[in-house]
Structures are given as structure tokens and as C-alpha cells.
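Please read each point alongside the coordinates.

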Amino acid sequence: MMTMCWRGIGMLAAGIAAVAGALPGALADELTLTRDGAPAAAIMLAEQPTKAAQFAAFELQWHVKAISGATLPILRDAAAVPEGHVKVHVGDSPRVRELGLSQESFKLQEYAVRAQRGELALVGRDAPDHAEVKYDAAALGDGGRNAHWPDFWEDQGTLHAVYDFLRDACGVRWLNPTDSGTWIPHQPTLVVKAVSLRRAPTFRYREHLWSGLASYDQEVSLWQTESATGRKADGYQAWLAAAYANAAARVPAIRLFLLRMKHGGEQSSCCHSLYHYVDLYWKPHAHPEVAKYFVAKRPEIFARPLDRDPPPQLCYTRPDVVDLVAREAESYFRNGGYPYRIPLAMGAKGLRWGKKFFAVEAMDNRDYCQCDECKKWHDRYKDYGAVNFFSTGSHSDYWFSFVNQVAARFGKQGSDRRLLTLAYASHAYPPRDVKLNPDVGVQFCFASDSVPWGEEFRHEMGLLRMWADEVKQSGRPFYAWCFLGHGSRMGSRFGNYNGFPPYIAHAIGRELKYFKEIGLLGMFQGRLPTEPDTYVLFRLADNADLDVDVLLDEYFAGLYGAAGPPLKKLYLAMEKLINDPDAHPKSKGVSGQAADWGCLGTAERVAEYAKWVEEARSLARSDWEKRNFALFELGTWKYMLEGRAAYADRVASAIPSVKVPSLPAAGGDPARVAWDEAVSLSGVWTVAGSGDPAPRALAGRMVHDADYLYVELTDPCDTRKLVAADVVAAGDDWELFFAAKRDRPYRQVLVGPTGLVELLRNGEDEGKMYVPLHEHGVRVVADTSATNRWVTRMALPLKNLVKDGVRPGGKVYMNVVRVSSPALAGAYPFSQAAWIPYTKVHDVDRLAEMVLTEE
């Protein structure tokens, strides 16, 4: 019956003809819901319907009106319906129960579509909440007209049944939450196939967005945002203004979109759950409301040595730590969550982890306790899973032994109350000797799933298989903690450049199908991928059997109509390229912009891509097609062109070459150096990854003698805002990079405001990164006595600048980067400024040549 499409789109009709008008299931007669723009059906609700049923009825009514122009009345179950009109039962009711669809018969998140002559039932397992729902899709920014919507984490099977019906029987597609992100067919007479269907989502836990509804567009956007880099977010803001006419309606529209995409389910969240112990047992928090929850100073429970403020971990071999965590878990379930009225660290408030799980997970670092008892574990397992990847096993037995002890103390709390922990970082491997309690749930952290072309991905797939084998034996609840929006995309954001779009739709398809195969119960997304990958992810989380290519057809046809085919070709070409391992740099020293635009988005390829873009522009005829094409240009194509142009500027930008003067021996004492004779690190320091001037006038100079390189660095900053961390890289620092050539291996010197210094070896030992050189011999004098200037002077032994050292008369390659904390720069998580333009930390392909002159 789909003869024409709303707002002039005709392409999607052909793409979904196989499913539009009929849900998959047992076919029966056709049902006519509207006829010539007039109602031919009524929506029936129980006398006391659930929130989910009320909301589902409103959604059904709104969409049918958008399709046909007819407003189906919403009536109570006992109301009379005009003769010949179809009764559409939404939610639980006596008549629905007569059809064998009682609430008790539904399993977790299960729902059904049941049809017979003159009747259609759309019902599922719902939370028994009967609060009155307010709904007005035309006034989403008005909280008084939209209230008591279903929560993401409560049962809403009836709503899912309505969404399946609207999508698969009526042809509706929710593609993104923007003003033009929903595709609705136009057919004044709406006839659907009557079907019988009963199902639940493939995965019971679908936590796609955890950082708040307002952050959704920031997560899926390719553009950097102001909060991520501190620079003006003109590209993102231009796209945002074009995507949403009413800024006040944006967040409600995102909430509505996520409900339609079945975000939520059975909450099974897990993250680093012990940070708030610092607020409870180390010292009162600076925030007065958080400080109220300080219990007492208990240094004995924290990691040894106690040389950091705060300590990086707890001591996980202490019985009193086991007891504290176990008692907190018991209190969590007994009292309906954490007792705090304000979120403590990592959001510790209320039912933070859900109703059925309590998270037990260490702080996000590998600086575990070094007391004698803990060290026995570290020494015994230091070589287990000791690979040159992020995910290892050196602390697996240590950590999971602690979790076992908490589980034993916590005891048997019933099948619906369990502990949940991560398989992450240095405890990513299943334990070698410790047998983890089968009642403990595990979330495997798939840290590299955003880069499926890399060696790390293959390594972690092996770990996932190991855990899958373990779960077959133990039967424990098993989930995934995914990083699909991280990888190269996060690198470009933090590096302050526009990267090559990291499209991975087919890799997402393979991943979720494998998750289903091994019995994974659900997944958490640490960050969402960009579009259209986000759409593919949402649909597969609901039904992992769907075909990725069909989903991409829906997306491109639904948004762009006649302009969709060339844009899909563009997407597939870029996706194929970035997922080809051979397309990436052979040298690991080539990364960032050089990898994205020197190896992937070359000038020749971008010129070919432009042909598809121009073809799509010429094919976009209707207002709808032109509007969404304009959003594509603002959100994707302009981003790419700016990224390519910035890389061209980078290549054209000169790399400094400096002759470093030699002075009489100063014995490694910066105070004895004649700094007036030092050579300046000339030029304008720049915002990392660009040629834009840095916000502060940074300066540096250097000299050398026979044994040391002496470097002075000055930052005219507000020293009262400097953050000095016990781990240098966690606060404000200077980072100096040295290499024998513009490639790996290289060394990295990090210096903080207090003079704390670290030297890391990168790529020297079988390619391992961030390996400390403890006997580095670097001497630092840091002066922050003035409120408007931080001056750092250092003496670096020439023998330790690079692996084989350097002597006077030789040369070394170098860069200096100033990394500023959010407290100082106002940018999260950090901002960077570099001496060499178009570089950031770890960019070694543009290191300056430093010639150490002889006397």
C-alpha cells in the first residue's frame, strides 16, 4: 500500500518492501487501520494501564497520524468501538489475557504481536507502574506536557512491541534523533498484515549511552567539541544548529530516540567502583556536601607505599578491605542502592549498578599495593599474559582472588543479587590458578574493538574466546564493556585534528553476532561510534541476526533518498580502506594526522570521494533530501576537507633544525649554566595538531656540555591553577621527546610542577611502550614561586637521551609539548601545545633535528 512517501522520499520504499506491511511471523488477514485519512481502528488500553502501555499508545497514535493523517482514538478497554473498526489492544488487559498473553507468561523483556480478524494485540512484560504519562511529541521541550515517560531500565515490553510493529509493519525508520532523522511513509490508507510474533531483544543489557543524554551528539559527531579540546567548536556548533531547530527539544528528542532504539533493559553496569573509598576513608572531599560522608582516616586499607595523595589503589589482600566491600554490597541491596544524596566518585549514588548487580572493580591504574602479601601475588604472576598489549594477565589471579573473598563474605543473596567485575587491563585474562566464583558476573573489556584492523584487536579476540570457554564451564553472567567510539577517533580529538572517519559497521556486525554466539548477555558502550555505525549498533543490539548491508540501505535511503546510493558507496569505500591492515602505516612511528591523511585520506582518494559527494548533491531534489545532504556536508564532508587541508599545511610546514651551542662543563647543575648563551626554541608554539598559536606564549632554550643537555622551559601561566600529580602525566607537565631518527624507538621525559620527573622508553624492548628507565639521571629545578610564571630547568644526561646515547658533534631529534590540566586550561581532559607545529605527544615523524656542536 506504500504508494508515495512523506516529504517527497521514495527510495526507502523499495529498500524495505520485503518487510514493510508485514512483521516476520505467522501471516493472517490484512488489517486496515486508516482509510483515506480517516480512522478505521481504535487503540484500546486497560482501565489502569502501565506507563509503558500509555506511552506506547501515544507513540502508536502519533506515528499513525504522521503516516496517514488520521488520529486513532485512545479508548479504555470497555469502550464501544464503531462497527468494522479494528481494536488495537496496547498493553495488558482482560481481552489480551484471553488471547493467552498474560503478564505472567512473558519472560524477561519478552513481548508479542498477536493478530486475528478485527483485532491486534501489542503487549509485553511491563513494570507495574501506573503513573499518568504526559506526551506531546510536538512540544518535546515542554516538561509540563511530557512527563512520567518509561525509564530505560524498567520493563517496557509493550513499548517494544509497538516499535517493532511501527518499524516492520508500517515502514517507519528512526535513523537518528535530529529533526529530519525519522523516515515515515505517507499512505492515507494504512493496511498491515496481521501476524503473530513473540520475542525479546537478543541482548538483555544494552547500555549505549552512560555520559548523559546531552552528550549524545558529542559522542557520535566526528567533530571535536569545545569541551574535548578547548578550541572553538565551529564545525560541531554549525552542524548542531542545523540539526535541531529548537535547542530546548534536543535532549528530549534524544531520549525519545533511545527509547525507540531500545536502549536500556536489565541494568548490569560495572566500572571502577572503589574510588569513593578515598572520600570515605582517606580525607574529606573538597566539596562540602561530599565531605559530609567522610567516615574516618584509615590509611591501613590503602595501597603501599603511602607516598601518594590520594593512594592509587586499596590493599586487596587485607581482610578488612574485603569486609568493607562485602558489607557495602549487602547494604546496597538491602537499602536499594548507595545511601548518598550526592554522587560520590564514579557516580556512587542510588542504584548505580542496577537492581541485580553490585560492581566490584579496582581503580583505573596498575599501581597496585606493594605490601609484602600483595607483592607475593605480583611476583608469582608477573609473567602471566605479559604481552606488549594493553590487556594482560599479570594481575588476574591477584584481583580475582580478592573478588572471590568479597563474594564469599557477601554470601548467597539469591539468584538475582550478584557481584559484577571487569576483565580489564592487567586483569583481562581469565585467572590462571584461581577459580573465580561462578556467581560473580564478568564484563570483558574489549578495549580495541574500535580498531578491528590492528594486532591488539586480534589479541583481545583471543582473550574473549578464553573467557567464552570459561563461561561455558562456570555458567556465570557474561557481558562486554565495549570501546567502539574510542580508537583513532579519540586520538584525533585529543590530538586536536580532524581524523579520517573510522567506519566499522561490518566489524560491529561480526562482533555482535559473535557476542550472541558465545551467549553474552549484553554490553556497555564506553563511547558511541559515529553515524551510521551507531544506527547499525542499536539495531543489532536488539536483533543480532539482522544483515548489516540491509541496515546500511535503510540508513542511506531513509535519510538521503535519491542521493543515498552515492553516499553509501562513499561510506563503503572508506570503511573498506580503514579496515584494511595493509592500508595503515608500516612504521609505528607514523601516527595521528600522518597516518590518517598521509596513508588513508590521500589527496587522490579525497578527490575520488568528492565525485560521489557531487553526484549525491545533484541527485538531492526534495527538501528532505537536501536538508539531510546539507547535514552530511556539515557533519562529515566539511570535517574531512578541513582535515585533509590541515594535513597539507602540516606537510608544507618547515621542521626546525637547531644547532645547540656547547658550554664549559656545568656538572649536571642547571644553576651553573650560562643561560644567556643558550639557543632559543624559536618560532610560535602552537595548539597541538595544528598551526594555530598556543593560548600562552611558551618559550624554551637549551645548551649542552660534554655530558648533559640543559633545557629551560617557561610557561607564563597562573601557577595557582597548576596540578601536580604523583603520576606526572596525570597533571600539568612538560613532555620532551627524543629519538635517533624520526621514528620509533624514542624516549619521553615528563616533568611536573614540583620537579617530579619520569623517563619512559617507547618501542625499544620488543616494541613495548611506556617502559620506565628508573636510573635516568635527569635533574630538575622547577620554580613556581611567581603567580604568573612556571620556569623549569633541567639537566638530561646525553647518554640517556636515546637508546645508544648521543655525543657532542652528533645529533638527536626532539620535540617539546606542554600538556595542561583541565584546572588550568579549562579543557577536558587535557590540552596540548607543541614547539613544532602540527604535532602532539608521541608524534615522532616531525621531530626537530638538534645538532650538538663541538667546542
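**Notes on the predicted model**

1. The lining of the second largest pocket comprises 14 charged, 11 polar and 10 nonpolar residues (Asp, Glu, Lys and Arg count as charged, Ala, Val, Leu, Ile, Met, Phe, Trp, Tyr, Cys and Pro as nonpolar, and the others, Gly among them, as polar). The model is predicted: local features need pLDDT of at least 70 and side-chain atom pairs pLDDT 80 or more, whereas totals for chains, interfaces and linings use all residues. Residues are numbered from 1 along each chain as its sequence is written, and side-chain values use heavy atoms, with hydrogens and water left out.

2. The volume of this second largest pocket is about 930 Å³. Of its 35 lining residues, D151, F152, W153, Q267 and G354 lie nearest the centre. A pocket is an open set of points on a 1 Å grid, where a 1.4 Å probe fits, with protein on both sides within 12 Å along at least five of seven lines; lining residues have an atom within 4 Å of a point.

3. At least two lining residues come from each of α4 (157-169), β13 (205-207) and β14 (264-265) (DSSP runs: helices H or I, at least four residues; strands E, at least two).

4. An open antiparallel sheet has 5 strands in the order β21-β23-β24-β30-β29 (pairing requires at least two DSSP bridges). Because β21 (679-680) and β29 (779-783) each have a single partner strand, one side of each lacks a neighbour in the sheet. β21 pairs with β23 (residues 699-704) over 2 bridges, and V679 stands opposite M702.

5. Helices α18 (residues 548-560) and α19 (residues 564-578) pack at about 135 degrees, their axes 8 Å apart (axes are lines fitted to C-alpha atoms over the stretch in contact; angles run from 0 to 180 degrees between N-to-C directions).

How values were computed
Points joined across faces, edges and corners; volume = space filled by probe spheres on them.
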